[in-house]
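Student: Could we go through this structure together? I would like to begin with the helices and then move on to other topics.

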Protein chains: 2
Amino acid sequence: MKKLWMVYVLLIGIFLVYVLNYKLQADAADPWETAGLRGNIEDKYVMVTFQSGIDYWKSVLKGFEDAAEELNVSVEYHGSTQHDANEQMTVLEQMIAKKPAGIAISAVNSELLTATINKAVDSGIPVVLFDSGAPDSKAYSFLGTNNYNAGVEAARKMAQLTGGKGEVAIITTPEQHNHQERTDGFSVTIRSEFPEMKLVAIKDGRGDQVASREAAQQLVAEYPKLTGIFATESNGGIGVAEAVETKQGAGSLLKIISFDTDKGTLDLVKEGRIAATMAQGTWNMGYWSLTELFHLHRDLDEDPAAYANNKPIPVPDTVDTGIDVVTRANVDNYYAK
Amino acid sequence: MKKLWMVYVLLIGIFLVYVLNYKLQADAADPWETAGLRGNIEDKYVMVTFQSGIDYWKSVLKGFEDAAEELNVSVEYHGSTQHDANEQMTVLEQMIAKKPAGIAISAVNSELLTATINKAVDSGIPVVLFDSGAPDSKAYSFLGTNNYNAGVEAARKMAQLTGGKGEVAIITTPEQHNHQERTDGFSVTIRSEFPEMKLVAIKDGRGDQVASREAAQQLVAEYPKLTGIFATESNGGIGVAEAVETKQGAGSLLKIISFDTDKGTLDLVKEGRIAATMAQGTWNMGYWSLTELFHLHRDLDEDPAAYANNKPIPVPDTVDTGIDVVTRANVDNYYAK
């Protein structure tokens, strides 16, 4: 009797071990199924900006973090506190020393940052640029807004708001390249697509709320028939809204189109004082920057000389993260969550 | 004695069960770790082309399949056998009826395909376009070559090959928009960046080997000092190589730059008869098309009305998959595997 009992115990034990082991291997058993894309939680990916405290980066970082969570890797956020190339270079040097799994950086100055970006790439760290690029650097990819197209979209929205008729003007920051591109896209589109519209003035708002307000006040005085103003950045847009309010009272027929989705601008869209604002694909910039770095890291981890030996690079050259037109109808989707 | 032995067996059994169970749960235990990106093997993603048998699509399909394998989803490949919009429309209609998880399509004719593409999107199927777009359709994204930039790169390579001096010509297919863009990028760059070079002629090679050979023979006769020819597509490039060989013998000083990486072209690069060819990021087109569709499918699966309600779209507007310059030094990386 006792011997038989012992055999039972043994058999039950073996059976339990067998069941658990089967359970352990079940997922791997189907030859068609794979484990999915999953990284190592110890791999740290770094996002580097300038003026690191401003609202604009929040949605980029959210995208960066969302992708990291899905891929089971870690992120860190750093940046220069000021609009300062030397400070950003120092931050980038500190990151390089830590040998992260990848760096996504928005270059405060494309020329001054190029050498440090190349140093990171040469030391085997994958680097992509987002929002503000460095076209002559060795970074593997750029992800950002096509600013000319953003100007084109703004012009078409303006035509829709004004019935495709009347005088319009631009308030911009002429010395900044991306703002010049937005201005060009807007001007060319008004000229070529809307023969009954006329661009009567382009004024310098210096990226500043007060200067833009004054520029808008002048415009309204000089062109009493003005039906629309396109502000190529958000401080300017708020200034223009103030000027138009002061001059004509709320419910003005003068339509304002602004740029970006900081809270101040969105509030004015919600109140109807800014008719539309051009939202950049900031979440996409962050999400796809992390995704590209993940792929580059995996490739370089297997073979650090892969790209030096002319292997094709497994990420796109340039990603246009797109533009959304935000109006009262969809503004609630754009407040930071 | 026997009782003691039984206790040992029991303890060892319990210990084994404990160890296996621990192993089973170890991965899930860390609250910071996530499962990674992984789809359902039953989800089918479809790639649709035209002239579906040609070499050009192989590397795109490889990228599509590589991404699907990593993400644990399935793929199917379809297309019209001919360069025929009606045939491709029929194929696309058949795919829509099967309700796949996503469709990536290269439109043989952007205008004629737009209605059918919109039908797919309206029925809740995520659609992206690759290689050849349909800009006025509702597709969520376009992934392909920026052909103007490809022409710019070809011009710079030509300058490098010829020492930045001498007369150059283009053989192209003028009525095709993407070829016109390659021609423009090349022409503008020669004019603006290389004052000692001169573009002396642009000839129609009709996308055909024989016509391009004849065009090249005429060029060589008319411009005896010609130092370079840029063929904007691969049949033309092979024709040009034949013409130059016949006229001047191998080792000619006349440098040929061609386009794409079919076996015929790569063989001529390897032999040194074509100096360089511009490789499109075909693998990237496929890989990132599948990746974008995977994300769109996941989003629309959770909430089919997500984008109709103005939710920002979680994929980029446009992806420039980039251009690589292929020479003898790196040609071996570009043969289809």
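Student: In which hand does H2(A) pass H10(A)?
Tutor: The crossing of H2(A) past H10(A) is right-handed. Please keep in mind that this is a predicted model.

Student: At what angle do helix H2 and helix H10 of chain A pack?
Tutor: Helix H2 of chain A, residues 56-71, packs against helix H10 of chain A, residues 282-302, at an angle of about 40 degrees. Their axes are 6 Å apart. The two helices, H2(A) and H10(A), are therefore oblique to each other.

Student: Which residues make that contact between H2(A) and H10(A)?
Tutor: On the side of H2(A), the residues in contact include A:Tyr56, A:Val60, A:Phe64 and A:Leu71. On the side of H10(A), they include A:Trp283, A:Met285, A:Tyr287 and A:Phe294.

Student: Moving to the other chain, which residues of helix H2 of chain B are buried?
Tutor: The buried residues of H2 in chain B include B:Tyr56, B:Trp57, B:Val60, B:Leu61, B:Phe64 and B:Leu71. B:Asp66 is also among them.

Student: What covers the buried residues of H2(B)?
Tutor: The cover includes helix H10 (282-302) of chain B and several strands of that chain, among them E1 (44-49), E2 (74-79) and E10 (276-280).

Student: Which residues of chain A have a positive phi although they are not glycine?
Tutor: Among them are A:Asp131, with a phi of about 60 degrees, and A:Arg206, with a phi of about 55 degrees. A:Asp131 lies in the loop between E4 and E5 of chain A. A:Arg206 lies in the loop between strand E7 (197-204) and helix H7 (209-222) of chain A.

Student: Is A:Arg206 buried or exposed?
Tutor: A:Arg206 has a relative accessible area of 60%, so it counts as exposed, the cut-off for that being over 50%.

Student: Which side chain does the side chain of A:Ser141 join in a polar contact?
Tutor: That partner is A:Glu292, and the polar contact is 2.8 Å. Leaving aside residues up to four places away in sequence, A:Ser141 also touches others, including A:Val127, A:Leu129, A:Val315 and A:Thr318.

Student: Where is A:Phe186, and what does it touch?
Tutor: A:Phe186 is in helix H6 of chain A, residues 177-193. With a relative accessible area of 0%, A:Phe186 is buried. Not counting residues up to four places away in sequence, A:Phe186 touches several residues, among them A:Val152, A:Met158, A:Ile170, A:Leu199 and A:Phe230.

Student: How many Å apart in space are A:Phe186 and A:Ala305?
Tutor: They are 44 Å apart, C-alpha to C-alpha, and 119 residues apart in sequence.

Student: Finally, what rotation superposes chain B on chain A?
Tutor: A rotation of 179 degrees, with 0.2 Å of shift along its axis, superposes chain B on chain A with an RMSD of 1.5 Å. The two copies are thus related as by a two-fold rotation axis. In chain B, the C-alpha nearest that axis belongs to B:Val319, which is 2.4 Å from it.

Student: Why do the copies meet through the same surface?
Tutor: The reason is that 100% of the interface residues of chain B are also interface residues in chain A.

Methods
Residues are numbered from 1 along each chain as its sequence is written. Chains are lettered from A and ligands numbered from 1 in the order in which they are written. This is a predicted model: local features need pLDDT of at least 70, side-chain atom pairs count only at pLDDT 80 or more; totals for chains, interfaces and linings use all residues. Side-chain values use heavy atoms; hydrogens and water are left out. Copies are superposed by least squares on the C-alpha atoms of residues with pLDDT of at least 70 in both. Contact means heavy atoms within 4.5 Å. A polar contact is a pair of N or O atoms within 3.5 Å; within protein, one must be able to donate a hydrogen and the other to accept it, and residues adjacent in sequence count only if both atoms are side-chain atoms. Buried means under 20% relative accessible area, exposed over 50%, partly exposed in between (1.4 Å probe, protein chains only). Helices (H or I, at least four residues) and strands (E, at least two) are DSSP runs, numbered from the N terminus. Axes are lines fitted to C-alpha atoms, for helices over the stretch in contact, and angles run from 0 to 180 degrees between N-to-C directions. Angles under 35 degrees count as roughly parallel, over 145 as roughly antiparallel, 65 to 115 as roughly perpendicular and the rest as oblique. A crossing is left-handed if the near helix is turned anticlockwise from the far one by less than a right angle, and right-handed if clockwise.
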